[in-house]
Amino acid sequence: MHKAGFVNIVGNPNVGKSTLMNQLVGEKLSIATFKAQTTRHRIMGIVNTDDAQIVFSDTPGVLKPNYKMQEMMLQFSESALADADILLYVTDVVENPEKNMDFLDKVSKMTIPVILLINKIDESDQKKLGNLVETWHKLLPNAEILPLSAKNKFGIDILMKRILELLPESPAFYDKDQLTDKPVKFFVSEIIREKILRYYDKEIPYSVEVVIERFKEDDRQIHINAIIYVERSSQKGIIIGHQGMALKKVSTEARKSLERFFDKKIFLETYVKVDKDWRNSQKELNNFGYNPE
């Protein structure tokens, strides 16, 4: 008997979905920083065993869209409700359970297994956690509830065991040696974007998109040319910094992470260009891969 299915991870921003995804898959596929809205796309991570294949999907945090890019991000999250065999709804010990009730109402109507994960329990106490469990039982009466700490790997093994129990019988959907549905260039751009999220403040990280123009690999090294797109000329100046020092720092940190990721010598060149108001341009969003279909 072989089991296989799609296990989709949804929830509000900054509750630890990407950290959970990385722990479940065992690879750093999704950006995980202290800032909200770090995941912009739906990212698959595939776990294979001899008798099972679990296709995990990390999704952007659910939010009320303020511009077209966020509308597309919400579509990624809502598409995860349509094709899941098991849904993991992630919350944590600090967020208001009734946040984004419109999305929660859709989750409550689902007929597939839903596991409600209360993350970051290391930041709570037993009494508060007990009250949260009661509240969530009322909001999602058909969901199983599992407290965990994704950062500390507490509860991950229990969750994996339960997923395997609930997984439907099916042949594998992907080759057994496949780790994700995303191309290599996607992870290069995500690693660079992660460094921008870490080293710049305010609106800058959310106005940035990274495109890989050149990726040339041989047995020993990889040459990469990356373009960092911003919305305004003033943002370009901030990204580059005085005498180019800010961009140099980001590029150096990205190169180090890329060398760990590929286990090869990396030659990285980064450029900054202005693409005015790209977050509200359907054409540019399509070019940048924001296609939920």
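Gln 243 counts as exposed because its relative accessible area is 68%, above the 50% that marks exposure. In this predicted model, Gln 243 sits in the loop that connects helix 7 (233–240) to helix 8 (245–262). The backbone at Gln 243 has a phi near 55 degrees, which is a positive value in a residue other than glycine.

Asn 14 belongs to the loop between strand 1 and helix 1. With a relative accessibility of 36%, Asn 14 counts as partly exposed, since that class covers the values between the 20% limit for buried residues and the 50% limit for exposed ones.

Lys 182, by comparison, is 180 residues from His 2 in sequence, and the two C-alpha atoms are 25 Å apart in space.

Pro 171 is exposed, because its relative accessible area is 62%. Once neighbours within four places in sequence are set aside, Pro 171 is in contact with His 2 and Ala 4. Pro 171 and Ala 52 are 119 residues apart in sequence, while their C-alpha atoms are 8.3 Å apart.

Asp 58 lies in strand 3 and, with a relative accessible area of 0%, is buried. The C-alpha atoms of Asp 58 and Val 7 are 9.2 Å apart, although 51 residues separate the two in sequence.

Ala 226 lies in strand 8 (residues 221–230), and a relative accessibility of 0% is why Ala 226 counts as buried. Apart from residues up to four places away in sequence, Ala 226 touches Ile 192, then Val 210, Val 211 and Ile 212, and also Leu 268, Glu 269, Thr 270 and Tyr 271. For Tyr 271, the separation from Ala 226 is 45 residues in sequence and 6.3 Å in space, taken from C-alpha to C-alpha.

In soluble globular proteins, nonpolar side chains tend to be buried together. Which residues touch the most other members of the largest nonpolar core? Within this core of 24 residues, they are Leu 20, Leu 24, Phe 56, Leu 88, Leu 117, Leu 159 and Ile 163. At least two residues of the core come from each of strand 1 (3–11), helix 1 (17–25), strand 3 (52–58), strand 4 (86–92), strand 5 (114–119) and helix 5 (156–166). The surroundings of Phe 56 can be listed in detail: not counting residues up to four places away in sequence, Phe 56 touches Val 7, Met 21, Leu 24, Val 25, Ile 43, Met 44, Gly 45, Val 47, Leu 88, Met 160 and Ile 163.

Finally, the view widens to the whole chain. The protein chain contains 9 helices and 9 strands, and 51% of its 293 residues count as buried. A compact globule of 293 residues would have a radius of gyration near 19 Å, and the 20 Å of the protein chain therefore agrees with that expectation. Along its principal axes, the C-alpha trace spans about 55 × 40 × 35 Å. Among contacts between residues at least 6 apart in sequence, 72% join residues at least 24 apart. The accessible surface comes to about 14200 Å², and carbon and sulfur atoms account for 49% of this area. As for charge, the chain has 42 positive and 42 negative charges, whose mean positions are 6 Å apart.

Note on methods
Residues numbered from 1 in each chain as written. Predicted model: local features only at pLDDT ≥ 70, side-chain atom pairs only at ≥ 80, totals over all residues. Heavy atoms only, no water. Helix = DSSP H or I, 4+ residues; strand = E, 2+ residues; numbered from the N terminus. Rg over C-alpha atoms; globule rule 2.2 N^0.38 Å. Buried < 20%, exposed > 50% of the residue type's maximum accessible area, 1.4 Å probe, protein only. Contact = heavy atoms within 4.5 Å. Areas by Shrake-Rupley, 256 points an atom, 1.4 Å probe, with all protein chains shown as cover. Lys, Arg positive; Asp, Glu negative; His and termini not counted. Charge placed at Lys NZ, Arg CZ, Asp CG, Glu CD. Core = buried A, V, L, I, M, F, W, Y, C linked by side-chain atoms within 4.5 Å.
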